[in-house]
Amino acid sequence: MSSEADKALIAEFVEVGKSLYDRGYATGAAGNMSVLLEDGTVLATPSGSCMGRLDPGTLARVRPDGEQIAGAKATKELRFHLAIYANNPDIRAIVHLHSCYCTALSCLDNLDVNSVVRPITPYVVMRMGDIPLVPYYRPGHPGLAEELARLAPGHKAFLLANHGPVTCGKTLTEAVNNAEEFEAACRIFFTLAGHRDHIRYLTSEEVSQLRK
């Protein structure tokens with residue numbers, strides 16, 4: 001039986017999904033989320049579900065090894081969620097979206113694989129630090145889990161090439177806030193497309209101060 005804390009987290013999970021959908025961060029059945037419950041099991045969006053219409057009664061619940069114990073079949077991308085949890089104990093919630101500006105960035109060639117967002121404002125640096133690029137794999141491919149397992153220690157966000165963003169947090173709220181901040185940074189980047197020669201990026205000293 002779910003604890004009161006788990007029940008509150010399930011309610012928040014459904015509310016967050018609807019908020020992301022209603023504000024255009026998620027469309028159709030795209031994207032997925034997960035969160036760790038009190039007993040260490042993982043609550044995740046079901047396969048093919050719409051974030052705007054999640055049903056608390058059908059949310060997938062799985063063990064850390066991937067064994068499903070309740071709800072509808074979990075998203076096919078659950079494997080990379082589990083890989084992140086297994087390799088970064090600070091992470092307790094994960095949001096994967098196909099939000100417009102982050103996904104547009106993921107389709108560009110010659111991105112810095114160690115940090116896809118050059119620091120224009122302080123906020124991505126403060127909240128997520130470097131955001132590495134994950135090479136392209138089809139959705140659900142085990143290679144995604146392998147790459148994210150390797151990159152998970154020390155990172156809170158990733159960009160999947162030709163696919164979209166993955167953001168993490170110690171709480172579901174933090175993971176969602178990071179998703180929104182990442183999307184905002186990418187939107188600023190594309191808004192400044194006609195002024196690339198005149199962008200003032202933060203200096204290495206300014207970035208170092210933010211990291212402290």
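Mentor: Let's start with a word we'll need all the way through: a residue is buried when its relative accessible area is under 20%, exposed when it is over 50%, and partly exposed in between, using a 1.4 Å probe and protein chains only. Helices and strands here are DSSP runs, H or I of at least four residues for helices and E of at least two for strands, numbered from the N terminus.

A word on the model itself. It is a predicted one, where local features need pLDDT of at least 70 and side-chain atom pairs count only at pLDDT 80 or more, while totals for chains, interfaces and linings use all residues. Residues are numbered from 1 along each chain as its sequence is written, and side-chain values use heavy atoms, with hydrogens and water left out.

The part I'd pick is helix 2, residues 78-87. Seven of its ten residues are buried, so helix 2 is largely enclosed by the rest of the structure. Those seven are L78, F80, H81, L82, A83, I84 and Y85.

Now look for its partner, helix 5, residues 142-151. Two packed helices are described by the angle between their axes and the distance between the axes. For helix 2 and helix 5, the angle is about 20° and the axes are 8 Å apart. (Axes are lines fitted to C-alpha atoms, for helices over the stretch in contact, and angles run from 0 to 180 degrees between N-to-C directions.) Angles under 35 degrees count as roughly parallel, over 145 as roughly antiparallel, 65 to 115 as roughly perpendicular and the rest as oblique. That is why helix 2 and helix 5 count as roughly parallel to each other. Their crossing is right-handed; a crossing gets that name if the near helix is turned clockwise from the far one by less than a right angle, and is left-handed if anticlockwise.

Who does the touching? On the helix 2 side, R79, F80, A83, I84 and N87 make the contact, and on the helix 5 side P142, L144, A145, L148 and A149 do. Contact means heavy atoms within 4.5 Å. Sorted by class, that contact has eight nonpolar residues, one polar and one charged. For the sorting, Ala, Val, Leu, Ile, Met, Phe, Trp, Tyr, Cys and Pro are nonpolar, Asp, Glu, Lys and Arg are charged, and the others, Gly among them, are polar.

Click on I84 and you'll find it touching I91, I94, L148, A152, F158, V166 and C168, leaving aside residues up to four places away in sequence.

E12, F13, V16 and L20 of helix 1 meet L172, T173, V176 and E180 of helix 6.

At 2% relative accessibility, L97 counts as buried. The C-alpha atoms of L97 and A26 are separated by 6.1 Å, though the two are 71 residues apart along the chain.

Last, two residues to check for backbone shape. Most residues other than glycine have a negative phi. N110, in the loop between helix 3 (100-106) and helix 4 (123-127), has a positive phi of about 65° and is exposed at 72% relative accessibility. N162, in the loop between strand 7 and strand 8, has a positive phi near 55° and is partly exposed at 47%.
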